[in-house]
There are 2 protein chains.
Amino acid sequence: MPIPLPLVGDEPQERRDAARNRDALLVAADALIAEQGVDAVTMEAIAARAGVGKGTVFRRFESREGLMAALLNRSESAFQAAIISGPPPVGPGAEAMERLLAFGHARIALNLLHRRLIIAAGRAGTRNYATVSFTAMHVRYLLTELGVRGDLPFFATALLAPLEVPVLEQQVEIEDMQVNRIVEAWDDLVRRVVAG
Amino acid sequence: MPIPLPLVGDEPQERRDAARNRDALLVAADALIAEQGVDAVTMEAIAARAGVGKGTVFRRFESREGLMAALLNRSESAFQAAIISGPPPVGPGAEAMERLLAFGHARIALNLLHRRLIIAAGRAGTRNYATVSFTAMHVRYLLTELGVRGDLPFFATALLAPLEVPVLEQQVEIEDMQVNRIVEAWDDLVRRVVAG
DNA sequence: GCCTAAAACGGACCGTGGTCCGATTTTGTT
DNA sequence: AACAAAATCGGACCACGGTCCGTTTTAGGC
């Protein structure tokens, strides 16, 4: 009497064709984005390039935003890995303040690098629950280590907010701020919050 | 030899039918939004309700985002007026710190009140150059008055960033933060930045 | 009032994101 | 190997934002 229960994880295992098509779609999306830029790539083009129907794309990724989020997810996972188990100063081993500043610098660089993709991913991207809560949790943890008093969840969010793509884009593209300046000013902000 | 120069302002004066239709469209949009919510309202529905063709809507407001921004603009103008010439503590007359905190509280309330509209207005909305630069300029001015040292343009942006709709929405709707708590925590943040 | 140029109108048309459902493939069972 | 159920596939189809262009309205000089 075998009971077909998915004992661990709620992903019931992907069928072979499904997995193959998912990979093909990610590869196709990467290639097309590299060729024409994020904004010019349509879902139908991706489907065609991957040799599947449009319906398949939406079944796998829910929406355009979902697909973009899936692309982002890979670099985001690498970033999380670097934080959890990578070398200092981003990874463990450096003191908290050093780690916090290094984290911010990396976040800024990453957000600028992937800004088009992040915007295209919309609510499914950086605002995605998993990503947001991980980074917020990390910052909260570092603030705790630093002995900061006050509403730590809010402070974490407040320190992360000016690193969001729309804000960075406004500063870099419209107000002509140099990235260097943003980094230094953010460091100053962090020190003030920590100093209490 | 009369030269038809628009001496002041570059708006060459709207034709009568154009003005009439613009008003009708704003009224129609207001009504439909009140009835069905921002997200359910289509441009075609607005046009129909106003008794004009779809093309007219886009000629007047450029895009859906532009129309939403126009709706927002009215309350945004009132807010700016309150800052420039309204009663304290938001308007002039109170001391700088009091004004800054009052400004933040008002901004939070306004952003939450109009969040659907602000999201629908996208880049044309809060991220709109005029609005952003006005509020940033005001905060910068108050920070100057408070004798804050450092990169004031960045600090102004950094204090405004956590008040943006996506951030507020995340906190209120997903993390179940009370608005009161956000307000108090933001005040704390401001004091730390000002304290240097 | 009439005439003309400029401006605005409106709805047919297009592209793209997203849905639906009959056809096809996979998987496990016997 | 054959079969059946379940999952997937794929492309026709839909809705909505946005564009285009022939037609109509306005403004204002005579």
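1. B:E169 is buried, at 6% relative accessibility. The cut-off for that label is under 20% relative accessible area. This is a predicted model, and the points below should be read as such. The side chain of B:E169 meets that of A:R123 in a salt bridge, 3.6 Å from N to O. B:E169 sits in helix 9 of chain B, while A:R123 sits in the loop between helix 6 (115-121) and helix 7 (129-145) of chain A, so the pair joins two chains. A:R123 is exposed, with a relative accessible area of 52%.

2. Next, the interface as a whole. Contact involves 32 residues of chain B and 32 residues of chain A. The two chains bury about 2800 Å² between them. Of that area, 64% is on carbon and sulfur atoms. The rule finds four salt bridges across the interface of chain B and chain A. Six residue pairs are in polar contact between chain B and chain A, both residues at pLDDT 80 or more.

3. Which helices of chain B supply at least two residues each to the side that touches chain A? They are helix 7 (129-145), helix 8 (152-160), helix 9 (165-174) and helix 10 (179-195). Helix 10 of chain B gives the largest share, eight residues. By residue class, the side of chain B that touches chain A holds 19 nonpolar, five polar and eight charged residues.

4. Salt bridges over all chains come to 26 in a search of the whole structure. One of them pairs A:E35 with A:R49, with the closest N and O atoms 2.9 Å apart. A:E35 belongs to helix 1 (residues 16-36) of chain A and A:R49 to helix 2 (residues 43-50) of chain A, so the bridge ties together parts that are 14 residues apart in sequence. A:E35 counts as exposed, at 51% relative accessibility. A:R49 is partly exposed, at 42%.

5. The side chains of A:K54 and A:E44 meet at 3.6 Å, N to O. A:K54 is in helix 3 (residues 54-61) of chain A, and A:E44 is in helix 2 of chain A. The two residues are 10 apart, and the pair links distant parts of the chain. A:K54 is partly exposed, at 42% relative accessibility. A:E44 is exposed, with a relative accessible area of 51%.

6. Now helix 3 of chain B (residues 54-61). Here B:T56, B:V57 and B:F61 are buried. Why do they lie on the same side of helix 3 of chain B? Because they cover an arc of only 105° around the axis. The buried residues of this helix pack against helix 1 (16-36), helix 2 (43-50) and helix 4 (64-85) of chain B. B:E62 follows helix 3 of chain B, and its phi is positive, near 75°.

7. One is the A:R123 and B:E169 bridge, at 3.6 Å, N to O. Another is the A:E35 and A:R49 bridge, at 2.9 Å between the closest N and O atoms.

Notes: Residues numbered from 1 in each chain as written. Chains lettered and ligands numbered in written order. Predicted model: local features only at pLDDT ≥ 70, side-chain atom pairs only at ≥ 80, totals over all residues. Heavy atoms only, no water. Buried < 20%, exposed > 50% of the residue type's maximum accessible area, 1.4 Å probe, protein only. Helix = DSSP H or I, 4+ residues; strand = E, 2+ residues; numbered from the N terminus. Arc of directions from axis to C-beta. Contact = heavy atoms within 4.5 Å. Buried area = accessible area lost by both parts, 1.4 Å probe. Polar contact = N/O pair within 3.5 Å; in protein donor to acceptor, adjacent residues only side chain to side chain. Nonpolar A, V, L, I, M, F, W, Y, C, P; charged D, E, K, R; others polar.
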